[in-house]
Amino acid sequence: MKKHNIIGRFASLILMISLFATSCKKEEQVVSPPLPGNEFLTTVKLQLVNTTTNDTVVAIWKDLTPEDTNPADTSLAVLNLKKNSTYQATIYLLDETKAPVEDITEEIKERANYHQLFYFPASNLGGNLAVNLTDTDTNSPPLPLGVTSNFITSNVASGKLNVVLRHQPNVKNGTFAPGSTDVDVNFQVNVID
Amino acid sequence: MKQKSFAYSVLFVCGVVLLLFASPKNIEAQGCNLKLTIHISHTEQHSAGQEVIFALQKEQLQITKTGNELLLFEGLCAGQYNLFSKGLYEGVVDTTFTISGPTEITIQVNSLNRKLKTVEIHDDHFERIGNESISTTTLRQADLDANAGKPLGEMLKAASGVNSLQSGPTISKPIIHGLHSNRVLIINDGLRLESQQWGSEHAPEIDPFTVANATVLKGAASLRYGSDAIGGVVLLQPHEISIEPGTELEVKAVGINNGRMGALSVCLDHTFSRKLKGLGIRLQGTLKDAGNLKTARYFLQNTGVKEKNFSSTLYYQNKKLIVEMSGAVFTSKIGIFGGSHAGNLNDLLAALQQSEPVLKADFNRKIERGFQDILHATAKGRICYHFTEVSKLEVVYGLQRNLRKEFDTGLPFSTDPAILSAPQADYRISTNTLEALYTNEFKNNFQLSTGASFITQGNVFEGLSYRALIPNFRNYGGGAFMALSKRVKKILLETGIRYDYRWLRTYRINYSTLNPFTGDRDFNNFTYTIGGTYRFNDFMSLNLNVGSAWRAPNVNELYGNGVHQSAASFEIGDSTLKSERAFNSAVSFILKKEKLEIEAGIYSNNINNFIYLKPLLSPVTTIAGSYPAFAQTQVNAIISGVDLDLKYQVIPKIKLGTKISLIKGWNSTIKDYLIFTPANRAEVFLVLEGKANERGKKPYVKINYLMVARQNNVPQNSDYTSPPAAYQLLNLEAASSFGKKQPIEVGISIYNLMNVAYRDYLNRFRYFADDIGRTVMLRITIPFTFKKLKK
């Protein structure tokens, strides 16, 4: 008698579990699109203003299909700069999958103590392009951030400029090594007459 | 003094289902090929010549065996037996029990003058029909205890032929004969573990403290357990709830200096008496907390672990019926070593240039961002009904829900607090399984085992990444199998066939239009095996097994696309992949004598359409830089090797042993080696055993020297750096039991005694940091027993 009682309870438990299991079965049929509040890095825009002529030069590197094997659009990732000039540069990191476009640079500035931008002119530019960072974070002493900078050109030359955003939570020390890379893109730089 | 008190008795008889081979010795009856192994733990050292004699009687038939520590009764028919002791322990044991399968029992004899009247032993969890000729290693409580506190995958390495795939020191999963993840099934307490096993950094969600017994089936053992097990099966069993009325409480505490880990596991069993006779309940829980681990030279930042596990079981047993209901919740939070986050290939290459991580750390218990948060809940119901002594039907239902949240090192770019606290990847998978198994024994020594199983699984992925790493899916699967075995004199022959069908529907969206779409795939195929065992005599046998098994491609192999952060690689799925088909053949030789034990095996596993990540020539460039690309590709592969286990008692109390595993993985399509094949390894050990104590436990000290060779057989252009150097580790372990009335068991293990700085080829974090340094583990186990034993 005891036995039947136990079997009965057991059977009803199984039934309950199965009902519970089937009731939430459709969950997988709803595929969540990218969350609206989350921002993706799609675009790196460099905006340079010539300090003497006030000419503005803009270069854009973009990949509108993030996390994908499709190649990036680098057709506009070219900076044509006058020789022996100084440019005030600002970098914009954008999410162009959104409308309107989201500016992620604001969040980088908010978390300035965790980030640093690095600009590496390639060796074939032969030192004819120098980049000096002009902004800092709130560390004590302050460390460079790199959202704004000065681009200083000398003679005619051509080569790549590598721009890297390092993510360095709690380990930022002004050097490249700690942390990991969030952005690593190349711009073609032509220093011209 | 020793002679004075023959009022020894059996305190504790535990039926553990295990066998290495079953074979006939005295084939007097028909349909009889079961084996009973009795291990005897003596209270006191007895002088030579005073051997223990046990007699096993069934009706008119009486078999007597003499031995010192190990007695084997073979060629037994299923049924009820009377077991009694003669000679030294005359009159001590006199018990009746039922044998329905290969059975192993341990009898601990002590002088507490208690007598056990009846014991029933059922073998319900573990059917070996059709699997008996497969090479097998079983780890028992003592083997597992010596590695207490380690991840499960590391504990299983004590079995020869088993390695582990690690992602840092705290995430480990077993590799059997070079295969892992979806190619190895883990059956925990009768249920197939279903989670996101495809991921190399997804460790099995099992509380190692619940495991009393781990059996590794090496080779294609899919017949009984469903498709996919082309590498092998790991069977994990808890210890059985005693059928004697009373209460048992076991408290196990483990402390480890490295990571300052503390773990406490408590297991309470109560078996009711009188009206509720046969009903037992178990409540079990484990807490574990560890901080940053240390290598030989430095701490590893953010490598803490927190685990909270709970399980409960309700168990009812009478002569014919067993009903079991259980529920378990496993939760863990595992820190991911901060230095292992590579933003892109340049980051990884920079890390490889460093002799130690740039990221410095001290000891810290706090787990920071860069962690996994896992919950695995299991509900199980099992009914087993014995129609006769030799036939039974078992039905098992299981529900598993696995929630895995992975938080990356970096906060997402957002101002929305909900996004900032959300995991980068959030996997939810629910699995329902139903399985029925019927076994019977017929005339002419025929044994039959047949069964069917059903599975359905739903997976949901949400996360902050732009694309789903793996798509949402629903799958249904069904399978049926039949296995037969027949004994002809010294030969046992077995064969079996299984059919499985799998249907998979994925739910995806087009990321440009955000329109949902679905895609269906289905797979079906046969698994078959044929094997034989030749038994030369009581203690020596030769096994041959040939089998074929298959595995459907996993959803990540079909549709997974994306960056693998710790490997800095971009992996590209292929939705047209076919099933893998393995042809496995193995020969093993087993010798088990008191002074000498040998297990030697040679195997070859030929896998057609073996799915692997093929390196592509051009890297994938994303805004975060470039990644080497790998595409899921099918080739033909051959994995072959040799395992040897040897243990020899040189003089009384001193045993010498060795374990050797040699393995070669070959990609026969491109005529090159297979990547991530375990390196050859060998260990030698020396065991000093003392006198058994009151409870029959022997104190021991074991010195183990492990040598792992450098893996020189690696394919070209598939890895970022050459494999790490060979290494040697010295390990020490010792255990003893104290206390007469209330025993306390104490064990100490020292891993990497010489504090060697080393890196292992199969640890994916070897790019970034050394493996762990000297680790001292102290374990205390206190079993409390509250029982009324009949005088």
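# Strands, burial and contact

Q: In strand 25 of chain B, which residue is the bridge partner of Asp426(B)?
A: In strand 25 of chain B, Asp426(B) has Glu462(B) as its bridge partner. The model is predicted: local features need pLDDT of at least 70, side-chain atom pairs count only at pLDDT 80 or more, and totals for chains, interfaces and linings use all residues. Residues are numbered from 1 along each chain as its sequence is written, while chains are lettered from A and ligands numbered from 1 in the order in which they are written.

Q: What makes strand 24 and strand 25 of chain B a pair?
A: Two strands pair if DSSP finds at least two bridges between them. Strand 24 and strand 25 (residues 446–463) of chain B have 18 bridges in the antiparallel sense, so they meet the cut-off and pair. The hairpin of these two strands has three residues between the strands, and Asn444(B) takes a positive phi near 60° there.

Q: How many bridges let us say that strand 23 and strand 24 of chain B pair?
A: There are 15 bridges between strand 23 (residues 392–407) and strand 24 (residues 425–442) of chain B, in the antiparallel sense. Val395(B) stands opposite Ala436(B) of strand 24.

Q: Why is Phe454(B) called partly exposed?
A: A residue is buried if 20 or more other C-beta atoms lie within 10 Å of its own, exposed if 12 or fewer, and partly exposed in between, with C-beta atoms placed from the backbone. Phe454(B) has 15 other C-beta atoms within 10 Å, so it is partly exposed. Phe454(B) is found in strand 25 of chain B.

Q: What does Phe454(B) touch, not counting residues up to four places away in sequence?
A: Two residues are in contact if their C-beta atoms, placed from the backbone, lie within 7 Å. By that rule Phe454(B) touches Thr433(B), Leu434(B) and Gly478(B). The C-alpha atoms of Phe454(B) and Ala436(B) are separated by 9.2 Å, and these two residues are 18 residues apart along the chain.

Q: Is Leu46(A) buried or exposed, and why?
A: Leu46(A) has 24 other C-beta atoms within 10 Å, so it is buried. Leu46(A) lies in strand 1 (residues 43–50) of chain A. Leaving aside neighbours within four places in sequence, its contacts are Val58(A), Ala59(A), Leu79(A), Ala89(A), Ile91(A) and Phe187(A). Leu46(A) and Thr148(A) are 102 residues apart in sequence and 9.8 Å apart in space, C-alpha to C-alpha.

Q: How many helices and strands has chain A?
A: Helices (H or I, at least four residues) and strands (E, at least two) are DSSP runs, numbered from the N terminus. Chain A has two helices and 10 strands. From the N terminus on, they run α-β-β-β-β-β-α-β-β-β-β-β. Of the 193 residues of chain A, 33% count as buried.

Q: Why do the buried residues of helix 4 of chain B line one face of the helix?
A: In helix 4 (residues 345–353) of chain B, Leu345(B), Asp347(B), Leu348(B) and Ala351(B) are buried. Seen down the helix axis, they fall within an arc of 160°, so they line one face; the arc is that of the directions from the helix axis to the C-beta atoms. The buried residues of helix 4 pack against strand 10 of chain A together with strand 35 (625–627) of chain B.

Q: How many residues does the contact take from each chain?
A: Chain A gives 44 residues and chain B gives 54 residues. Helix 1 (2–23) and strand 10 (180–192) of chain A each supply at least two residues of the side of chain A that touches chain B. The largest share of that side, eight residues, comes from helix 1 of chain A.

Q: Into which kinds do the residues of the side of chain A that touches chain B divide?
A: Ala, Val, Leu, Ile, Met, Phe, Trp, Tyr, Cys and Pro count as nonpolar, Asp, Glu, Lys and Arg as charged, and the others, Gly among them, as polar. On that side of chain A there are 24 nonpolar, nine polar and 11 charged residues.

Q: What leaves strand 10 and strand 12 of chain B with one side without a neighbour in the sheet?
A: An open sheet of three strands in chain B has the order 10-11-12, with antiparallel pairing. Strand 10 (162–166) and strand 12 (179–180) stand at the edges with a single partner strand each, so one side of each has no neighbour in the sheet. Two bridges join strand 11 (residues 172–176) to strand 12 of chain B.
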